[in-house]
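Hi,

Here is the structure I promised to send over.

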Amino acid sequence: TLDVKTIVDKLSLTFIKLGIIPGDTIALISRNRVEWNFIDLSVLQVGAVLVPLYPNNSEDNYCFIFDDANIKLVFVEDDEIFKKVKNVCKRTTAQIKDIFTFNDIRNSRNWSELLDLADETYREELNKRINNVKESDLVTVIYTSGTTGKPKGVMLTNNNIMSNVHALTQLFPIHLYKRTISFLPLCHIFEKTAFYFYMLIGAEINYPQSLETIGE
């Protein structure tokens, strides 16, 4: 079994191999699951920008966001979202290189393929990118739902997020939070910030299949 650091490094090496450069945007459309965070952390390491989207968004909203953010890669959870994104790819002006799925879906590329493509010859480049990460770097663009017009992208830097994370360490009794449940949408900044907080304090993160299964 691979540990988180190994998985994230392998994904990062493959992103570099695929030509992802700092500032490139990668869309992620999925409910909460551990793979969500693997992609997020690897995107951060290579200096790219994550664009997380709600799974129940419309094709029109996806198309607008893909165009607006000039998405390069897309990660989706299941067959329903995969079909939506395939339709959007026929309409968008974004130069999307590929779509990867978390679930095993026929005629699609699974995210785990990226682990096998990891190339250690890019390790020096990865280390350089990690060392070049700055607090002021743009790391994510979170779009509004679009219910009041076209979706609007909120641009957040490392410092925007981590200042809140460090503030949380002053507010919560850390020793009480060693086992946690991730159930609010990770594509929302609240849960995304909570994830980094859990990582900082070394807490265990659990991903329930649904809210109904919590406590079973």
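D60 comes out as exposed, at 51% relative accessibility. Keep in mind that this is a predicted model. The side chain of D60 meets that of R91 in a salt bridge, 2.9 Å from N to O. That pair links distant parts of the chain: D60 sits in helix α3 (residues 59-69) and R91 in the loop between α4 and β4 (98-101), 31 residues apart. R91 itself is partly exposed, at 42%.

In total the structure holds 15 salt bridges. Another one joins R31 and E77 at 2.7 Å, N to O. R31 is in the loop between β1 (25-29) and α2 (34-45), and E77 is in the loop between β3 (71-76) and α4 (79-89), so the pair ties together parts 46 residues apart in sequence. R31 counts as partly exposed at 43%, while E77 is buried at 10%. Both belong to a salt-bridge network that links R31, R33, E35, E77 and D78.

Then there is R179 with E204, where the closest N and O atoms are 3.3 Å apart. R179 is exposed at 65%, and E204 is partly exposed at 37%.

And what about disulfides: how many are there? The count is 0. The C63 sulfur has its closest cysteine sulfur in C89, but 9.2 Å is too far for a bond. For C187 the closest is also in C89, at 19 Å, again too far. C63 is buried at 8%, and C187 is buried at 4%.

Cheers

Key. Residues are numbered from 1 along each chain as its sequence is written. This is a predicted model: local features need pLDDT of at least 70, side-chain atom pairs count only at pLDDT 80 or more; totals for chains, interfaces and linings use all residues. Side-chain values use heavy atoms; hydrogens and water are left out. A disulfide is a pair of cysteine sulfur atoms within 2.5 Å. Buried means under 20% relative accessible area, exposed over 50%, partly exposed in between (1.4 Å probe, protein chains only). A salt bridge is a side-chain nitrogen of Lys or Arg within 4 Å of a carboxyl oxygen of Asp or Glu. Helices (H or I, at least four residues) and strands (E, at least two) are DSSP runs, numbered from the N terminus.
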